[in-house]
Amino acid sequence: MHHTGTGSTGNTARPSRRTVLAATAGLTAAASVGGTAQAVPHDDRGLRALLSRMTLEEKVGQLFVMRVYGHSATAPDQADIDANLKEIGVRTAAELIARYRVGGIIYFTWAHNTRDPHQIADLSNGIQKASLSRPRGLPVLITTDQEHGAVCRVGKPATLFPGAMAIGAGGSRTDARTLGRISGAELRAMGIRQDYSPDADVNVNPANPVIGVRAFGADPEAVAGLVAAEVKGYQAAGVAATAKHFPGHGDTAVDSHYGFPVITHSRQLWEELDSVPFRAAIRAGIDAVMTAHIQFPALDESGDPATLSHPILTGILRGELGYDGVVVTDSLGMEGVRSKYGDDRVPVLALKAGVDQLLNPPSLEVAWNAVLKAVGDGELTEARLDESILRILRLKAKLGLLDHPYVTAAGVDRTVGTPRHLAAADRIADRTTTLLVNEGGLLPLSRRTHPKLLVVGADPASPSGTTGPPTGVLAAALTELGFTATALPTGTAPSAATVAKAVTAAQDVDAVVVATYNITAAGGQKTLVDRLVGAGRPVVAVAVRNPYDVAQLPSVKGYLATYSWTDVELRAAARVIAGRVGPRGRLPVPVQRADDPAQVLYPIGHGLTY
């Protein structure tokens with residue numbers, strides 16, 4: 001694996017555990033212990049003592065979880081320095097911490113934080129070193145969105161699992177727990193102590209543009225069981241899981257990144273549907289809950305987004321559901337939270353509503369100064385800030401950050417992407433592939449009767465930037481299984497010329513495998529599949545995102561759903577196509593008829609076997 005030079009793990013000078021403990025001096029007598037690996041209890045008295053020594057500016061900083069560009073905390077590439085200067089007014093992560101004393105940092109692929117496991121570990125160590133070297137410095141809570149499947153920030157060679165809806169199709173709580181345990185262990189080895197996962201939304205709207213396959217399914221009890229299991233897996237690994245997006249983002253046709261969705265559920269429907277997985281997460285001891293930028297009139301008629309709603313966050317989440325852990329906003333750069341109030345009001349209103357952590361504001365300078373000013377003006381009290389910071393410090397203590405903030409290169413090598421972890425992901429994937437249609441026993445395909453295959457279809461971008469392209473992965477996996485398979489990518493919106501090229505290529509093979517991605521009635525993907533079926537060769541379709549595609553293509557004799565397009569799901573689908581593994585997944589959502597959405601074509605639980 002590639003090692004970056006800056007702040008390299010394992011051998012660079014960095015504060016010893018003694019210095020880290022001294023930086024949090026007065027917590028316990030443990031500062032005198034030195035370098036032993038003994039866990040130190042941090043009770044509220046010790047944490048309050050720590051809090052009492054913080055300046056107001058340091059307190060405000062603790063409330064923010066911020067993005068920062070670069071693969072290194074001190075020596076990022078020039079383009080990342082430029083991006084940081086433009087967006088945050090600092091050059092590096094170390095400068096961000098020095099200026100704003102932020103309590104958390106979130107990693108993104110597009111911010112170049114996640115190139116490879118050793119680099120990620122070095123970046124994490126560099127961030128901790130920058131924070132702990134400040135006066136009264138505290139360790140930083142580093143987080144990311146590692147949902148697996150469609151949303152994934154850390155890519156190969158780390159272990160990548162099937163996404164939530166695929167896990168929902170597998171239906172195994174043991175698998176959900178294993179996913180959390182292994183994913184958590186790998187994240188922790190890279191210095192990431194919190195994961196913004198699992199998604200606890202109940203996806204009851206097939207047109208949902210932002211949740212969809214990120215949810216475990218449409219049945220609240222099934223979703224709740226898998227959410228609780230994944231949470232327990234992450235906890236076993238010493239990583240904070242985060243249930244999102246409260247009070248429930250599953251029934252919307254609007255993406256809150258770009259608009260302001262309204263959920264029209266009644267209070268009773270919310271109780272029976274949306275609240276169930278969140279209650280299960282809280283019973284499982286969830287460490288954090290993320291808010292949704294949605295309007296939910298039955299829970300708060302003010303028209304404010306849930307992120308800024310005192311009735312929803314303090315009244316319901318804290319009061320009725322009895323949750324006293326960390327509440328974090330969804331990204332404050334999203335349109336759903338910015339449409340009603342200015343960027344200077346949003347962080348103050350979020351804190352007044354009951355939020356603890358403010359995630360990724362568009363301008364940290366504006367947001368940070370707004371909170372500082374609100375305390376100065378008396379709109380927020382310092383005691384209100386203390387309440388949130390105490391929750392954040394409790395979480396940092398629970399995760400071992402106050403005692404052991406650093407990670408090692410040896411820990412990365414021992415943990416990340418090990419053969420055992422990769423094999424576990426493959427085994428889990430084998431239980432998720434769902435056979436929706438198999439007319440005339442078309443599947444499995446035999447190498448003797450259908451030796452030559454053409455793989456066409458959509459090649460959506462890799463969520464982590466390290467997998468795919470799907471048609472190539474499917475073709476390679478089928479070739480490895482004894483077929484001669486050729487890939488011909490046709491895209492998500494194939495032109496007439498592309499369709500014609502695919503139909504011509506299909507004349508020379510024994511069967512065609514086509515990857516479909518969110519098909520619409522009038523789109524080029526439907527034309528492509530219909531023309532291929534008309535050309536007379538057997539066609540096997542694989543829905544690589546939404547399983548609802550099957551309703552648009554009644555002419556296809558063999559249809560599989562993988563629920564995501566990363567390699568682990570696609571290789572599992574190839575094993576099913578080849579008959580190496582039997583299909584075992586069951587639909588975790590109903591599929592409605594395309595011509596009459598009031599009618600269910602395939603119910604929850606549908607799934608054929610060989």
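**View 1. Lining of the largest pocket.** The largest pocket is lined by 38 residues, and Trp110, Val151, Arg153, Arg214 and His257 lie nearest its centre. A pocket is an open set of points on a 1 Å grid over the protein atoms alone, with protein on both sides within 12 Å along at least five of seven lines; lining residues have an atom within 4 Å of a point. This is a predicted model: local features need pLDDT of at least 70, side-chain atom pairs count only at pLDDT 80 or more, and totals for chains, interfaces and linings use all residues. Residues are numbered from 1 along each chain as its sequence is written, and side-chain values use heavy atoms, without hydrogens and water. The space in the largest pocket is about 890 Å³.

**View 2. The second largest pocket.** Its volume is about 310 Å³. Of its 15 lining residues, Pro206, Ala207, Ile519, Tyr548 and Gln552 lie nearest the centre.

**View 3. An open sheet of six strands.** The order is β9-β14-β13-β12-β10-β11, with mixed pairing. Strands are DSSP runs (E, at least two residues) and helices are too (H or I, at least four), numbered from the N terminus. Strands pair if DSSP finds at least two bridges between them. β9 (434-438) and β11 (484-489) stand at the edges with a single partner strand each, so one side of each is left without a neighbour in the sheet.

**View 4. Strands β13 and β14.** β13 (residues 539-543) and β14 (residues 558-561) pair in the parallel sense over four bridges. Ala541 stands opposite Tyr559 in β14.

Definitions and conventions:
1 Å grid on protein atoms, 1.4 Å probe; cavity = no way out; pocket = protein on both sides within 12 Å on 5 of 7 lines; lining within 4 Å. Points joined across faces, edges and corners; volume = space filled by probe spheres on them.
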